[in-house]
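Here are a few friendly notes to go with the model, as numbered points. Please have the viewer open while you read.

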Amino acid sequence: MDVDKYMTLVPDYAAFPTVDQMHAELDELAAAHPDLVRLRRIGTSRLGEPLRVATIGTGPHDAVIIGGPHPNEPIGALTVSSLLRRLIDDSWLREEFGYRWHLIPCVDPDGARLNEGWYVRPGDRRAYAEHFYRPCEADQVEWTFPLTGESYSFDRTLPETEALMRLMDEVRPAFVYSLHNGELQGAFSYLSRNEPALAAALAALAAGQGLPLHMGPPEVPSAVQIGPAAYVTPRGAELGAIYGIGGGSIDYADRFGALHLVTELPYWADPRVSDETPTDRSYAEVIKTYLADQRALIGELGRSLARVESELTVRSPFRRALEDFVGTHDDYISEWEDHPGADRPATVAEVIGNEQLKHSMRLRYLGTYLRLLDAELAAGNPTPAIREEHARMQALFEAWFAEAETGFTATPIPLRTLVAVQLGAGLLAAEAAKGSASP
């Protein structure tokens, strides 16, 4: 499929949309095109926000597109907007390509509202850290699908997850696309099946738009690589017991034999994340340094939290997220202990990838902690310990931010480029999914 013509139609964007703007756009497009766009509510968020899907197209296959499965990853809201507008304007894409599209711009609107402080300032690294929010693992829509098994099971599904389950049960999709993004790693993809040709096409598409491919450490050490910057999507059965989570949207998509795609795109471009040149450091040493840095972060936050824990009065989402990070992140990173095959030279991409992870995690969770303490102060709880830790953590944030910025050469990627890549990747995968879909 020639996706270039659709990618070139993606407009420039100055910011990510707020939740209210997402709702307003859906209303506008449905009102302007009632013969094409069906807008309906499929559920309600934990805080009472409507979860809505726009359906367009004539089939015979169905595709479910999930924007905002993690609220700190909003590229998908723009991708949904762009795809919906292309489908409205292009009769071939809407009628002849073969899909009924079910488009959700944001499946976690509660979490998205807590990130809106930086949505309006994309590319501003400080704003991102200061207004960052990512739910604890058990509050993430993407990883709370049910799991059943003898050794581990999970049934604490969220209302948002249940809405997605009902939608998939209704339409029995041939293609499910979960729209993700990262920060400083390169572009990469997860596919539910080992399809090297599609994986290569997705990598070529991202590289063709000037995005660095992610050739550094994978998110999980057990990830099975299909090709450059592409992996087989891990299932909940592999990850659930380790992280205390359920299945992913991949697990539910498997029920229907659907092709499932995840795109992971960075906000900032650093060509070094694609550099496979060997360094004079061993990979084992790089991993050891990474583990030490992450454990130092856990220790710093844990000790500070212990000083104020008995005086906290606000059960904010920031507190829940921070306590989860401090309590579980060591289990997450421990998978890297004694990583097989690490006695070799580390590549530039692996060194830079782990170094950037150190800075990203520091700024993410120190920013979250400061929001936790800010909530206490705003609630009228300025105890000496809370004020002291707030001042100390603010000073540490400034020091860590300055360290992260030292020698920082990555540049913000235009939002238009990120949306074009996600859009093009979705169309390529949708075409591939038709070939294996049930009649």
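1. A search of the whole structure finds 33 salt bridges, each one a side-chain nitrogen of Lys or Arg within 4 Å of a carboxyl oxygen of Asp or Glu. This is a predicted model, in which local features need pLDDT of at least 70 and side-chain atom pairs count only at pLDDT 80 or more, while totals for chains, interfaces and linings use all residues. Residues are numbered from 1 along each chain as its sequence is written, and side-chain values use heavy atoms, with hydrogens and water left out.

2. Arg52 and Asp27 are joined by a salt bridge, 2.8 Å from N to O. The pair links strand β2 (residues 50-57) with helix α2 (residues 19-32), 25 residues apart; helices (H or I, at least four residues) and strands (E, at least two) are DSSP runs, numbered from the N terminus. Arg52 is buried at 16% relative accessible area, whereas Asp27 is partly exposed at 39% (buried is under 20%, exposed over 50%, partly exposed in between; 1.4 Å probe, protein chains only).

3. In the salt bridge of Arg126 and Glu398, N and O are 2.5 Å apart. Arg126 is partly exposed, at 26%, and so is Glu398, at 32%.

4. Do look at the salt-bridge network too: Arg46, Asp108, Asp139, Glu160 and Arg320 are linked in it.

5. Ser82 sits in helix α3 (residues 75-89) and is buried, with a relative accessible area of 1%. Leaving aside residues up to four places away in sequence, Ser82 touches Val10, Tyr13, Val419 and Leu423 (heavy atoms within 4.5 Å).
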